[in-house]
Amino acid sequence: MSKLEKLVEDLSALTVLEAAELSKLLEDKWGVSAAAPVAVAAVAAPGAAPAEAAEEQTEFTVVLTAGGDKKINVIKEVRGVRPDLGLKEAKDLVEGAPQNVVENVSKQQAEEVKKKLEEAGASVQIK
């Protein structure tokens, strides 16, 4: 297996949080930002047709709209989805609904997070 194939395989195994951390590390290391080309492309085409503006959404946000009756289960699931949050932060997120749980994730991952939170008893939207 070539180095590049191995690298692609390793990157495919990363979680979203690990991929986001990798992105930040690479931005710091090389002084570049992945968001810059997107902004330039959007500005470069102000006369674009409306059909182009309605491109398929690729990044989604999972919003916790209500914690539900089983808040402890929902807090546990929030901590499972967001391991960067401590118990207090997860509790504050659930009690402060509506709150964004995860942002800028793929549709598949957004659906998985929504399913987990709904099974725990929460009300969830994907935007």
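Mentor: The expected span of a helix is 1.5 Å times one less than its number of residues; helices (H or I, at least four residues) and strands (E, at least two) are DSSP runs, numbered from the N terminus. This is a predicted model, in which local features need pLDDT of at least 70 and side-chain atom pairs count only at pLDDT 80 or more, while totals for chains, interfaces and linings use all residues. Residues are numbered from 1 along each chain as its sequence is written, and side-chain values use heavy atoms, with hydrogens and water left out.

The span rule applies directly to α2. With 15 residues at 1.5 Å a residue, α2 should span 21 Å, and this agrees with the 21 Å between its end C-alpha atoms. Just after α2, G31 adopts a positive phi of about 65 degrees.

The setting comes next. The protein has seven helices and three strands, which follow the pattern α-α-α-α-β-α-α-β-α-β along the sequence. Of its 127 residues, 19% are buried, where buried means under 20% relative accessible area, exposed over 50% and partly exposed in between (1.4 Å probe, protein chains only). Contact means heavy atoms within 4.5 Å; among contacts between residues at least 6 apart in sequence, 67% join residues at least 24 apart.

A salt bridge is a side-chain nitrogen of Lys or Arg within 4 Å of a carboxyl oxygen of Asp or Glu. Side chains of opposite charge can pair when their charged atoms come close. In α6, K88 and D92 meet in such a bridge at 3.0 Å, N to O; they lie four residues apart, about one turn of the helix. K88 is exposed, at 56% relative accessible area, whereas D92 is partly exposed at 38%. A further bridge joins E95 and K91 at 3.3 Å, N to O. Because E95 and K91 are four residues apart in α6, about one helical turn separates them. Both are partly exposed, E95 at 45% and K91 at 37% relative accessibility.

The whole structure holds five salt bridges. One of them links D84 with R82, whose closest N and O atoms are 3.0 Å apart. In that pair, D84 is exposed at 52% relative accessibility, but R82 counts as buried at 17%.

T61 is buried, with a relative accessible area of 16%. Apart from neighbours within four places in sequence, its contacts are N100, V102, E103, N104, Q125, I126 and K127.

V124 belongs to strand β3, residues 123-126, and is buried at 8% relative accessible area. Setting aside residues up to four places away in sequence, V124 touches V62, V63, L64, T65, K114, L117 and E118. V124 and V101 are 23 residues apart in sequence, and their C-alpha atoms are 9.4 Å apart in space.

Accessible areas come from the Shrake-Rupley method with a 1.4 Å probe, and for residues only the protein chains shown count as cover. The accessible surface of the protein is about 9300 Å², and carbon and sulfur atoms account for 55% of it. Patches are made of residues with over 30% relative accessible area and no salt bridge, like charges being joined within 9 Å and nonpolar side chains (Val, Leu, Ile, Met, Phe, Trp, Tyr) within 5 Å. One nonpolar patch consists of L4, L7, L11, L14, L22, L26 and W30, with about 660 Å² of accessible area together. Helices α1 (3-12) and α2 (16-30) each supply at least two of its residues. L14 sits in the loop between α1 and α2 and is partly exposed, at 32% relative accessible area.
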